[in-house]
Amino acid sequence: MPEAGVEPTRVSPVCSSEMKLDVLPTSEKDPWYAQGLRFTCTQCGNCCTGGPGFVWISLEEIARVADHLRITPEQTIERYCRKIGDRYSLLESRNARGEHDCIFLKEELSDRPFGDKRVTQSKRTCAVYPVRPLQCRTWPFWDSNLSSSEIWEMSAKRCHGMNRGRQFSKDEMEAIRDAAEWPENPPTSDQAD
Ligand code: SF4
Ligand code: SF4
């Protein structure tokens with residue numbers, strides 16, 4: 001039953017050739033990102049710091065991190081996780097700028113040639129990158145970022161890898177967004193030099 005004041009959906013008279021809706025069902029409309037979006041991580045580390053937050057990690061993911069670090073899952077929980085309700089999130093530490101870094105965010109300094117000089121560059125990388133949790137593996141193709149171009153652009157101001165590098169098709173982005181399982185080597189793993 002239509003709501004008061006709302007026109008019921010118009011359907012043409014009962015004739016098989018004209019049995020069509022005058023609007024596409026929402027699910028069949030192309031989303032705003034239908035032509036694809038670009039992303040390649042530049043390793044700026046911005047997504048792993050900032051205000052306080054949560055990086056959810058499942059028991060299965062804790063076991064993978066533990067294997068990677070060659071310690072036990074219990075030690076991984078003790079050293080790197082906090083319990084929130086019946087879930088675990090990674091610990092955070094405050095950096096010199098007062099931001100909340102994920103416990104696995106590491107700053108690396110490298111010396112690179114620049115013309116006839118050498119410059120020191122800093123990169124912030126993930127100490128457990130090959131086994132980072134699903135939440136990190138699926139960034140930036142989260143439901144929230146894909147919900148509108150405005151939100152995508154707002155996130156891109158902080159994530160320097162958005163709108164540059166590898167092109168992702170709509171299907172690829174949606175597969176990453178909807179991933180319930182831990183993809184071994186998700187295409188979001190590519191990093192800029
Ligand atoms: S686990 Fe790694 S990728 Fe995820 S928030 Fe922490 S440092 Fe960043
Ligand atoms: S480019 Fe984006 S995904 Fe990569 S570290 Fe920076 S904020 Fe995170």
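The shell around ligand 1 has nine nonpolar residues, one charged residue and no polar ones, where Ala, Val, Leu, Ile, Met, Phe, Trp, Tyr, Cys and Pro count as nonpolar, Asp, Glu, Lys and Arg as charged, and the others, Gly among them, as polar. Ligand 2 has five nonpolar, six polar and no charged residues around it. Here's who sits in each shell, counting a residue if its C-beta atom, placed from the backbone, lies within 6 Å.

| Ligand | Residues around it |
|---|---|
| Ligand 1 | Cys48, Val55, Leu90, Cys102, Phe104, Leu105, Cys126, Val128, Arg132, Cys136 |
| Ligand 2 | Cys41, Thr42, Gln43, Cys44, Gly45, Asn46, Cys47, Trp139, Cys159, His160, Gly161 |

Keep in mind that this is a predicted model: local features need pLDDT of at least 70, side-chain atom pairs count only at pLDDT 80 or more, and totals for chains, interfaces and linings use all residues. Residues are numbered from 1 along each chain as its sequence is written, while chains are lettered from A and ligands numbered from 1 in the order in which they are written.

On to the inside. The largest nonpolar core has 14 residues, and Cys48, Leu90 and Phe104 are among those with the most contacts inside it. A core here is a set of buried Ala, Val, Leu, Ile, Met, Phe, Trp, Tyr and Cys residues joined through C-beta atoms within 7 Å, and buried means 20 or more other C-beta atoms within 10 Å of a residue's own, with C-beta atoms placed from the backbone. A second, separate core of nine residues includes Leu146, Trp152, Phe168 and Met173.

Note on methods
Buried ≥ 20, exposed ≤ 12 C-beta atoms within 10 Å, placed from the backbone.
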